[in-house]
Amino acid sequence: MSNTSQIENPAWRPTRVSDIEINEVADGYIVYQQAADRVHYLNHTAAILLELCNGKSAFSELPQLLREAFDLSSPPAAEVRECLDQLLREGLIR
Amino acid sequence: MPRSAAERGPDPLNYVETFQILACEFRIETDSEAIADRLRYVVQHASQDHEITDRVAYQIASQRNDLLLREDGALIATEHSTKTLLETLFKRIQERSFAAVPEYVRIHAASGVYAGSLFLLVGNPHAGKTTLAIALLASGMQMVGDELVVLRNGLAAAYPRKFYPREISFDLLPGLKDIAPSLPRVYGADGGRRMAVDPLTFNRPWQIARLAVGTIFYLDPNFGGRTSASPSSKVDMARLVMEQCAPPRSGRSDWIGDLCAMVNGASVHRLAVGELGSAVTVVRDCLRTGPTSG
């Protein structure tokens with residue numbers, strides 16, 4: 001079970017788990033967790049966010065990185081939080 | 001409730017058929033006996049749980065040597081040949097039926113119901129889906145479709161249409177030869193003759209309902225060999241099923257999420273389809289207990 005309390009810590013550096021297989025499809029990623037034998041679909045935004053979960057960027061920095069990537073007028077903080085929460089719950093990041 | 005047979009109404013359009021496909025109800029009126037006869041090949045009367053949201057009326061009227069096709073009063077085709085007119089009509093019916101459910105993913109699969117869940121037989125054309133579906137139906141299984149399944153929000157349903165086994169495949173289906181002479185025949189897109197069959201042909205109920213998918217079989221032809229089943233990883237099954245999918249007409253991009261959720265919730269098997277009798281046994285065993293070999 002993932003510890004979703006990390007989402008409350010701005011200094012948390014989300015990191016993609018190692019035992020997943022990423023398959024690029026037209027509208028995002030299909031991610032396979034071999035141990036759980038489960039497949040997940042990530043849309044473009046979630047796929048980019050998963051790529052940004054490299055252990056180098058802090059949780060609090062991710063909205064700004066997405067703002068730059070998509071040329072948005074403001075950092076999508078709520079959307080990033082929701083998406084990371086879901087990735088955590090699915091066990092795709094830690 | 002769909003009407004169960006062609007009705008004779010007032011002239012001049014004196015043959016009337018009314019039937020449901022998913023959320024769309026179709027009414028066809030014609031003054032042509034040839035058209036009325038051919039409607040037997042395609043009109044189905046499956047019981048369905050979709051609420052009807054759209055209604056479409058077609059009129060097919062003879063005029064000198066032509067047949068005029070009207071959709072909701074508007075002339076959409078003038079054809080000389082019955083065959084061409086019916087092709088146009090059925091294409092329109094399919095388009096309108098899918099337009100009424102624009103969020104649905106379409107999956108190229110035969111389907112049946114087992115223990116309250118749907119099971120799918122997915123595969124490429126000529127993988128044996130229809131022949132196996134008919135064999136399962138004849139063996140007592142509750143088969144509901146042989147070609148298409150629609151999926152939305154975790155629930156799937158067979159697209160209501162008759163099963164169209166190729167005439168030559170009847171040699172593989174003992175017990176059907178006796179009823180074959182009475183079945184309507186139609187020429188498929190490949191030019192081969194096909195029969196029109198459905199559960200009602202076997203005096204069985206035909207109820208199409210939206211259900212969770214409990215088991216998915218992906219059919220690999222092994223004709224002439226033995227039938228066997230083997231487990232598949234979810235990611236392999238997701239890839240294979242995706243190849244047999246058409247995205248929703250609405251263009252929503254999260255349909256792959258629907259597909260992944262369906263695969264995650266199902267028991268998944270590769271089925272090498274060889275001898276038909278053992279294929280029926282293997283499918284039944286998988287549905288009961290998990291993958292086995294036959």
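Reply: **The salt bridges**

The side chains of B:Asp220 and B:Arg270 meet in a salt bridge, 2.9 Å from N to O. B:Asp220 sits in strand β16 of chain B and B:Arg270 in strand β19 (residues 267-273), so the pair ties together parts 50 residues apart in sequence. A salt bridge here is a side-chain nitrogen of Lys or Arg within 4 Å of a carboxyl oxygen of Asp or Glu. Strands (E, at least two residues) and helices (H or I, at least four) are DSSP runs, numbered from the N terminus.

This is a predicted model, in which local features need pLDDT of at least 70 and side-chain atom pairs count only at pLDDT 80 or more, while totals for chains, interfaces and linings use all residues. Residues are numbered from 1 along each chain as its sequence is written, chains are lettered from A and ligands numbered from 1 in the order written, and side-chain values use heavy atoms, without hydrogens and water.

Back to the first pair. B:Asp220 is partly exposed at 23% relative accessibility, and B:Arg270 is partly exposed at 27%. Buried means under 20% relative accessible area, exposed over 50%, partly exposed in between (1.4 Å probe, protein chains only).

B:Asp49 and B:Arg210 form another salt bridge, with the closest N and O atoms 3.3 Å apart. Both residues lie in loops: B:Asp49 between β4 (47-48) and β5 (54-63), B:Arg210 between β15 (207-208) and β16 (213-221) of chain B, so this pair ties together parts 161 residues apart in sequence. B:Asp49 has a relative accessible area of 36%. For B:Arg210 the value is 30%.

B:Asp285 and B:Arg288 also meet in a salt bridge, 2.9 Å from N to O. They are 3 residues apart in helix α6 (residues 276-289) of chain B, about one helical turn. A network of salt bridges links B:Glu71, B:Asp72, B:Arg92, B:Glu95 and B:Arg96. Over all chains, the structure holds 22 salt bridges.

Now the interface. The rule finds 1 salt bridge across chains B and A. A:Glu21 pairs with B:Arg239, their closest N and O atoms being 2.7 Å apart. On the side of chain B that touches chain A, α4 (234-243) and α5 (255-264) each supply at least two residues. α5(B) gives the most, with 6 residues. In contact (heavy atoms within 4.5 Å) are 15 residues of chain B and 11 of chain A.
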